[in-house]
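Hi,

Here is the structure I promised to pass along. Have a look at it first, and then read on for what turned up in it.

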Amino acid sequence: MEQKLLETLWGTVADVLPITIIIIGFQALVIRRPIANLERVGFGFVYVLVGLAFFLQGLEMALFPLGKLMAQQLTAPDFLAGLHPAGEAVNQLDWTRYGWVYVFALAIGFSTTIAEPSLLAVAMKAHQVSGGVIGVWGLRIAVAVGVAFGIALGSYRIITGMPLHWYIIVGYMIVLVQTLFAPRTIIPLAYDSGGVTTSTVTVPIVAALGLGLASTVPGRNPVFDGFGLIAFASVFPIITVLAYAQISAWWANKTQ
Amino acid sequence: MLPVFLKTLIGSFFDLLPIAVVIGFFQFVVLEQPIPNLMEILIGSLFVLIGLTLFVQGLEMGLFPLGESLAFAFARKGSLLWLLLFAFALGFGTTVAEPALIAVANEAAKVAAEGLVIGATDQARAEYALGLRLTVALSVGFAIVIGVLRIVRGWPVQYLIIGGYLGVIVMTFFAPAEIIGIAYDSGGVTTSTMTVPLVTALGVGLASSIRGRNPMVDGFGLIAFASLTPMIFVMAYGMIG
């Protein structure tokens, strides 16, 4: 276990090495000024590194094996057959047979997004910059609802086998229309929240769900249909964050 | 120091609680199975909790101030060229070594080999995967450059992003079918847990130090560019390759 933790730590260091070299290089050659509070910043950097290593190693031990197994079990033909009376033939192309899959997609999309460190970072910054108008939890819940809905809809798409791009294009259309009406200050933040949602915690479990579904449902090819859930999880948070801002603005107007 | 740590620890606990509830519910109620390797899962959960707490502490102490101080230093220096060079290096450098991207690129090479786009040799696959990684890294470097230029000039973000989305839609109709899923996903995997806080702090720092810019309106948006351009570049890569 200690060795694995060390390996993860080493992996994190290797991952961060390019950034560190770039920053030190520019700092020394171009800016040529010492960083303020260098000691504190240095400690902070080490905290982030060690924290990420523990976080990733912990996920490897506690969440990923169970989460991935769960995704496989929920999509396995045996489990789907067990839900229905004996003797009745299970039509695996009937999308209503996958009830627990949708519930799992919703719940796991929501909960992994709440735990996503990069979203937390953006929410903290937004809270600070907006002078407290944007709540850390408000933003994260809005994003998590978007991811939950996106993953559930993405699972439905894999089961029904409809083309990915139509969903994404319609998603973008909705974003476009919302952009015309949303408060101006929220727009960049909403666009950003599409990119930060799918990261360390969400991707491995969601990928397992996509692959599990694509290998169970007849006629789907895991290689082609397993992809795409992440794209869903990146579009829908934009919609929910814009909607959250619109509803807040509308509510503020109404109660005035 | 300790009270702050405790407060962060409690915050992290509530951040992680939903996952525990969801996993517990599905394991006991839906799948009706016991938790295997309980000890390992408990230790792992403790690691996750400590890790998240340290990370959040480190953000406030290290990454946020670092991103901001870089932004202020570049604004004071007043050289747009150096700022844009730094922006490109930051985008390219953080993406090219990103483990999630390496995984997706290898997966994509497998798909391409099965779809007979490239030969089924290890060398062809490795070349394809490396080409894809470089493409995505270039696109993220380009994205941060455009995003920083936007902050400096004060261009509204929505025209650029919506223009980019239209680009994605148009490209979708011309790109080979097997690359589309990978291209769409590559937008989401590029922004890692280290990059996001640093890039966000850089954007907000720049917008606060340039007169006439509002950190809320102009500071955010860099991540959005970084998740958009890979889709376009990867589809282009699929069309050329």
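A salt bridge here is a side-chain nitrogen of Lys or Arg within 4 Å of a carboxyl oxygen of Asp or Glu. Please keep in mind that this is a predicted model, so that rule is applied to predicted coordinates.

With that rule in hand, A:Lys125 and B:Glu68 form a salt bridge, their closest N and O atoms lying 2.2 Å apart. Over all chains the count comes to 3 salt bridges. The Lys and Glu sit in helices of separate chains: A:Lys125 is in helix α5 (residues 117-129) of chain A and B:Glu68 is in helix α2 of chain B, so this pair joins two chains. Across the interface of chain B and chain A, the rule finds 2 salt bridges. There are also 7 residue pairs in polar contact between chain B and chain A, both residues being at pLDDT 80 or more.

Which element of chain B gives the largest share of the side that touches chain A? That is helix α2 (residues 38-77) of chain B, with 29 residues. By class, this side of chain B has 62 nonpolar, 20 polar and 11 charged residues.

Now for the contact as a whole. Chain B brings 93 residues to it and chain A brings 92 residues. About 8,400 Å² is buried between the two chains, and carbon and sulfur atoms give 81% of that area. On the chain B side, the residues that lose the most area to chain A are B:Phe47, B:Met61 and B:Met216, which together make up 8% of what that side buries.

A few words on each chain, in case you want to find your way around the viewer:

- Chain A has 11 helices and 0 strands. Its C-alpha trace spans about 75 × 60 × 30 Å along the principal axes.
- Chain B has 10 helices and 0 strands. Along its principal axes, the C-alpha trace of chain B spans about 55 × 55 × 30 Å.

How confident is the predictor, and where? The model scores ipTM 0.87 and pTM 0.88. For chain B the mean pLDDT is 87, with 98% of its residues reaching 70 or more. For chain A the mean pLDDT is 84, and 91% of its residues reach 70 or more. Within chain A, confidence is highest in helix α6 (residues 136-160), at a mean of 93, and lowest in helix α10 (residues 222-225), at 67. Where pLDDT is low, the predicted coordinates should not be read in detail.

Best wishes

Notes. Residues numbered from 1 in each chain as written. Chains lettered and ligands numbered in written order. Heavy atoms only, no water. Contact = heavy atoms within 4.5 Å. Buried area = accessible area lost by both parts, 1.4 Å probe. Polar contact = N/O pair within 3.5 Å; in protein donor to acceptor, adjacent residues only side chain to side chain. Helix = DSSP H or I, 4+ residues; strand = E, 2+ residues; numbered from the N terminus. Nonpolar A, V, L, I, M, F, W, Y, C, P; charged D, E, K, R; others polar. pLDDT = per-residue confidence, 0-100.
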